[in-house]
Amino acid sequence: FDSSWQRGEPIEFPLDGLIVGWQAGLPGMKEGGRRELVIPAEYAYGPEGSGHPLAGQTLVFVVDLVKVGS
């Protein structure tokens, strides 16, 4: 549903503003690292019918960490 890699530009965001699966999956990453996050619905947008278009879905992300902010 989104790809900053395809747009050719990184995105920036605070960790505490992300879904639980990202909050649990990103700590410990090093700059320049890559991690695949497979996030079940309960750690993403909840069960099907909870109002978000991705609710009930297992989400898969490949994350390249470019830089850690201060």
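Is Trp 5 buried or exposed? Its relative accessibility is 71%, so Trp 5 counts as exposed. The terms are set by relative accessible area: buried is under 20%, exposed is over 50%, and partly exposed is in between, with a 1.4 Å probe and protein chains only.

Before going on, a word on the source. This is a predicted model, where local features need pLDDT of at least 70 and side-chain atom pairs count only at pLDDT 80 or more, while totals for chains, interfaces and linings use all residues. Residues are numbered from 1 along each chain as its sequence is written, and side-chain values use heavy atoms, with hydrogens and water left out.

Now the overall layout. The protein has 2 helices and 2 strands, and from the N terminus on they run α-α-β-β. Helices (H or I, at least four residues) and strands (E, at least two) are DSSP runs, numbered from the N terminus. The C-alpha trace spans about 35 × 25 × 20 Å along its principal axes. Of the 70 residues in the protein, 23% are buried.

Back to Trp 5, which lies in helix α1. Between Trp 5 and Val 63 there are 58 residues of separation in sequence, yet the C-alpha to C-alpha distance is 9.5 Å.

Glu 12 has 81% relative accessibility and so counts as exposed. From Glu 12 to Asp 2 is 10 residues in sequence and 14 Å in space, C-alpha to C-alpha.

Next, the aromatic rings. Rings of Phe, Tyr and Trp (its six-membered ring) pair if their centres lie within 6.5 Å; planes under 30 degrees apart count as stacked, over 60 as edge-to-face, and the rest as tilted. How many aromatic pairs does this rule give? The count is 2. In one of them, Phe 13 and Trp 22 have ring centres 5.6 Å apart and planes at 75°, so that pair is edge-to-face. Trp 22 also pairs with Phe 61, again edge-to-face, at 5.0 Å centre to centre and 75° between the planes. This pair links distant parts of the chain: Trp 22 is in helix α2 and Phe 61 is in strand β2 (residues 59-64), 39 residues apart. Phe 13, Trp 22 and Phe 61 form one aromatic cluster. Within it, Trp 22 and Phe 61 are both buried, while Phe 13 is partly exposed because its relative accessible area is 33%.

Last, the largest pocket. A pocket is found on a 1 Å grid over the protein atoms alone: an open set of points where a 1.4 Å probe fits, with protein on both sides within 12 Å along at least five of seven lines; lining residues have an atom within 4 Å of a point. The largest pocket has a volume of about 1200 Å³, a volume being the space filled by probe spheres set on the points, which are joined across faces, edges and corners. It is lined by 34 residues, and the closest to its centre are Ile 11, Phe 13, Trp 22, Val 63 and Asp 64. Strand β2 gives the most to this lining, with 6 residues. By class the lining has 21 nonpolar, 6 polar and 7 charged residues. Here Ala, Val, Leu, Ile, Met, Phe, Trp, Tyr, Cys and Pro count as nonpolar, Asp, Glu, Lys and Arg as charged, and the others, Gly among them, as polar.
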